[in-house]
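Welcome! Have a look at the model below, and then we will walk through some of its features together.

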Amino acid sequence: MRNGRIKLMKVIIKRASGTLFVLALLVLPFIAWTQRWYIYDSLRLRNYKPPTEVVQLATDTTLNQQTRRLFYVYYPSLEDKSNFNNNCKTGEKTIVLGCYVSGQGIFLYKITDARLNGIIQVTAAHETLHAAYDRLNADEKSRIDILTQKVYKSTNNPRINEAVSDYQKNGADVANELHSIIGTEVRDLPPELEAYYAKYFTNRIKIVEFSEKYEQEFTNRKQLVLQYDASLNNLKNQIDNKENGIESMSSSLQSERARLDGLLEAKDYENYNQAVPKYNSRISTFNNQVREVRSLIEQYNKLVVKRNAIVSEETELIKAIDSRPDTLPTQ
């Protein structure tokens, strides 16, 4: 009986071993799938040492430990125009400041204009959120898409509206873009969405402040140009009105001068002498009007110089962020 029990136990053990082997074959792929990002990230980060400027970007954008790891996984790099366009082949005609290429990297256009400090930080956070969005499951994406769409519809920001419109025209994943835009550029968010972004940043508002600061560089100049244009338009109207008045006065004075010459020719000295003071007074008024117009024209010309200087600065800022190739292919 004892030998029979031993044989039976051996059979049970063999069967159990076979069952465990089958379970292992079923479980291991499941574990590998659920841990795929950890495995991928570990392989990518093995022997990787982020450059100092990349570490600083992670610090500036208040990435928490987990998000910093995600940022490093994509070997973020600051690129000059040539390298940037080689790596970011978006095909868009609009200005692009960065791109996240799944499975490859995060590429950031290196902007050196000190007036635009903060723009690289916002771009880095924006592209990192693309990588994060890539890893959300379908249910979480759906939940977040609803929240970001609701915020977008309630946010009256012309620049964001224009950016989203450009994404739509270019066939981009607008939900994905909104996920990055809302998280880095919109200050006030509903608690549920704020809590979501807190999974990535320790101080999201700092990124928004970067965004507001560099955006203000453009906004201030645009507003100043509008103010200058309004002042120039007002001066132009004043100049035109005064010049019309001067032209009318000149015609009247010429007629009066002809009349006085006629009085002299007729030797009507009494009427001539009586009319001369009034004529001279009108000449004085005329000269004053001419001087006023000259002064207004001088103001106008000086204001044009100031206005054009601001436009030049605005052009410089646009040029500083323009990552597009110097020569675009023709269609």
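Counting pairs of cysteine sulfur atoms within 2.5 Å as disulfides, we find one disulfide here. The partners are Cys88 and Cys99, whose sulfur atoms are 1.9 Å apart. Cys88 sits in the loop between α5 (81-87) and β2 (98-101) while Cys99 belongs to strand β2, so the bond ties together parts that are eleven residues apart in sequence. The torsion about the S-S bond is about -80°, so this disulfide is left-handed. Cys88 is buried, with a relative accessible area of 7%, and Cys99 is buried too, at 8%; buried means under 20%, exposed over 50% and partly exposed in between, using a 1.4 Å probe and protein chains only.

A word on the background: this is a predicted model, in which local features need pLDDT of at least 70 and side-chain atom pairs pLDDT 80 or more, while totals for chains, interfaces and linings use all residues. Residues are numbered from 1 along each chain as its sequence is written, and side-chain values use heavy atoms, leaving out hydrogens and water.

Just after α11, Lys267 takes a positive phi of about 60°.

Finally, turn to Leu43 in helix α2 (residues 36-45). At 52% relative accessibility, Leu43 counts as exposed.

Definitions and conventions: Helices (H or I, at least four residues) and strands (E, at least two) are DSSP runs, numbered from the N terminus.
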